Amino acid sequence: MHRIFKAAAFVLISVPTSISWAKTDQIEISKAQSRTLFEIVDTLSNKHYRTQPVNDELSMNYYDNLLDNLDPSRAFFLASDIKQFSKYETKIDDHLKRGNITPGYEIYNTYRDRVTDRLNKLVAILENPETQFDFGKDEAIELDRDENTPWLKNKKEADEYWRKRLKSSTLNLVLAGKTEEEAKETLVRRFSNQLKRINQQNQEDVFETLVNSLAELYDPHTSYFSPRTEENFNINMSLSLEGIGAVLQNEDEFTKVVRIVTAGPADKQGELKAADKIIAVGQGKSGELVDVIGWRLDEVVDLIRGPKGSTVRLQVIPSEASTESDTKTITIKRNKVKLEEQGAKKAILDVKDKDGSAYRFGIIDIPAFYLDFEGYRRREPDYKSTTNDVRRLLKELEAENVDGIILDLRNNGGGSLTEATALTDLFIDVGPVVQIRETSQEISRRNRSRRKATYRGPLVVMINRLSASASEIFAGAIQDYNRGLIVGTQSFGKGTVQTLTRVHEGQLKITESKFYRVSGDSTQHRGVIPDIMLPQVIDPDEVGESTYETALEWDQIHPVRHDKYINFSQLLPILKEQHNSRIDQDPDLNFIADSYDLAQENRDQKELSLNIKQRKQEKKDRENTLLELENKRRVAKGEEPFKTFDDLKDHDSKENEEAVASVEINTDDALLKESGQILADFITLRSRNKTAATDNFGNGFQ
């Protein structure tokens with residue numbers, strides 16, 4: 001289960017070398033928080049899109065979710081603690097109705113005592129000069145402890161688990177290049193700072209944690225902002241922030257990359273990817289890498305941000321890594337994400353079909369659905385917007401005599417619904433674009449295309465797992481109207497709308513409505529399924545709405561009348577067959593598929609060896625496998641293979657440096673080139689197929 005709020009994500013700032021903590025005072029709810037909780041429960045019950053009464057079922061779900069949020073790896077609580085807590089399993093709803101959450105505070109206070117006790121023990125072990133780890137012993141530690149893992153039976157079992165976990169953490173640092181003593185020092189700082197953070201948590205912090213364990217039960221995008229969090233949120237929204245351009249969230253004790261902002265510094269640098277985990281942050285090209293495992297998200301973000309032009313270094317565990325010791329360090333130059341660089345841009349792609357016929361396609365990359373609201377409000381004729389930019393690019397491409405258009409919505413996380421609707425207007429005639437159902441079940445169909453299409457010719461829309469929200473509305477409409485082919489991988493599945501509601505203290509972000517396509521299908525959870533699938537790059541089990549346990553479900557409502565422009569039914573089987581034939585033969589597409597399969601194998605690993613010799617061999621084997629995959633591609637393309645893995649790394653570093661200097665569309669992108677081949681096949685087949693050729697649309701520009 002992916003979570004936004006994690007009580008286990010501790011902040012660390014100062015670094016004492018040895019700490020002993022007394023048992024802290026118990027934290028309880030205040031009168032103001034009680035009133036706030038009462039308002040939150042009432043709002044969730046009456047205004048959230050998901051109807052969920054406050055009853056015994058919700059109580060049991062809250063109980064499970066709070067335990068899972070506090071102790072996701074089941075490493076701190078003992079079975080005896082859970083037995084003690086079980087008396088509250090069906091009683092929490094009764095407390096919530098009264099604006100009380102006493103059981104949650106008891107669970108949290110016990111959790112804090114367990115964490116404090118354990119971290120003190122770990123520091124003492126590490127600081128003991130007699131502590132030695134036997135890395136030659138053949139033993140392993142289990143990975144991915146989750147809700148299906150039994151709770152630790154007693155202190156003896158807990159001590160044994162933590163002995164292995166401490167040994168594993170030390171070995172990871174040793175394999176990453178530290179001496180054993182340096183590794184111990186790093187871990188002492190990590191655990192000491194986690195102790196400092198948990199003892200700094202106040203009444204407001206704990207209340208926010210407890211309330212969000214409730215809010216999450218309604219859906220993953222519903223959350224409570226305490227007064228302090230609200231203040232930070234407002235500051236962040238009002239300032240021109242400078243950083244790396246990445247959306248982050250806490251997952252267990254790690255800071256995980258959710259999305260890379262298009263045209264931002266991280267995107268241009270090219271190495272940081274969705275689902276990577278940031279474990280250390282360094283300032284400048286040579287500043288010390290500060291271990292941030294266990295830090296609060298806002299503290300990690302503050303460390304990553306900095307002045308324009310300065311450098312930050314991120315040590316990450318790549319999403320495809322099999323162990324926490326498989327790290328890499330990424331150097332990124334901070335900068336502002338410039339609106340003009342996030343704007344739509346174009347390129348030309350020349351393609352030949354299997355018969356040798358040449359085609360010239362216009363590529364339009366759309367990184368976000370943006371709109372200059374002030375310019376729009378003032379009715380400026382040339383205000384900045386996605387639709388205005390794409391309309392201009394279409395006219396330029398018309399002058400260049402292109403045979404078709406490829407719209408690239410990969411990694412487009414959404415934005416303005418108004419712009420998603422307006423952009424659709426460029427490609428379809430008058431008709432509905434999206435349906436919106438409110439909490440009241442009232443359905444709105446006001447978002448419509450209102451004029452004749454600007455472009456009426458062959459069209460492909462590319463999507464991937466990071467195409468979300470407004471991107472899914474646009475792609476879904478194009479697919480429902482049979483206006484163009486959707487090519488790529490399943491989209492994110494974010495089909496809900498949130499609003500901010502004031503409560504006594506702080507704000508509640510609540511889901512109030514849901515998107516539906518004109519076909520009646522929801523974009524929620526399932527997203528948009530392409531007509532033709534390209535090889536996976538992003539693991540859908542790691543990224544996407546379906547990875548959230550409490551995501552609203554996919555469903556359907558009545559469709560609305562809409563036109564069907566092109567008859568794809570006879571063409572799609574042939575297009576898929578020709579596409580699959582190229583997949584089998586194309587070295588670049590094969591490499592993408594093989595790399596994805598290798599990453600899946602790494603994620604399926606159930607346990608981790610604590611034997612240093614075995615771990616070094618496993619690392620060498622992985623590097624050899626990566627080298628073999630790359631050389632297989634290079635040989636197939638007639639290029640010189642790399643002799644060593646270091647040669648491969650050096651080559652990748654140089655490519656990334658070159659990518660930073662370029663903001664142009666990469667027409668050598670294998671997935672983009674294959675989309676061009678699909679569009680060429682479609683044009684050729686359509687010209688030969690009378691049924692498809694007699695559609696009620698045009699062949700070019702209006």
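Predicted model: local features only at pLDDT ≥ 70, side-chain atom pairs only at ≥ 80, totals over all residues.
Residues are numbered from 1 along each chain as its sequence is written, and side-chain values use heavy atoms, with hydrogens and water left out.

A nonpolar core is taken here as a set of buried Ala, Val, Leu, Ile, Met, Phe, Trp, Tyr and Cys residues joined through side-chain atoms within 4.5 Å, where buried means under 20% relative accessible area, exposed over 50% and partly exposed in between, with a 1.4 Å probe and protein chains only. The largest such core holds 69 residues, of which I364, F427 and V461 touch the most other members. The most is given to this core by helix α21 (residues 670-688), which supplies nine residues; helices are DSSP runs of H or I with at least four residues, numbered from the N terminus. Another core, of 62 residues, lies apart from the largest one and includes I40, L58, Y63 and I510. In soluble globular proteins, nonpolar side chains tend to be buried together.

Helix α15 (residues 417-424) and helix α16 (residues 470-480) have axes that come within 9 Å and cross at roughly 25°, the axes being lines fitted to C-alpha atoms over the stretch in contact and the angles running from 0 to 180 degrees between N-to-C directions. The two helices α15 and α16 are therefore roughly parallel to each other, a term that applies to angles under 35 degrees. In their contact (heavy atoms within 4.5 Å), L417, A420, L423 and T424 of α15 meet A470, I473, F474 and A477 of α16. By class, this contact of α15 with α16 has seven nonpolar, one polar and no charged residues.

A second pair is formed by helix α5 (residues 102-127) and helix α8 (residues 203-215), which pack at an angle of about 115° with their axes 10 Å apart. That angle makes α5 roughly perpendicular to α8, the range for this term being 65 to 115 degrees. Here G104, Y105 and Y108 in α5 meet Q203, V206, F207 and L210 in α8, and the contact of α5 with α8 has by class five nonpolar, two polar and no charged residues.

Finally, E398 is found in helix α14 (residues 386-399) and is partly exposed, with a relative accessible area of 31%. The C-alpha atoms of E398 and G362 are separated by 8.8 Å, although these residues stand 36 residues apart along the chain.

Key
Parallel < 35°, antiparallel > 145°, perpendicular 65-115°, else oblique. Nonpolar A, V, L, I, M, F, W, Y, C, P; charged D, E, K, R; others polar.
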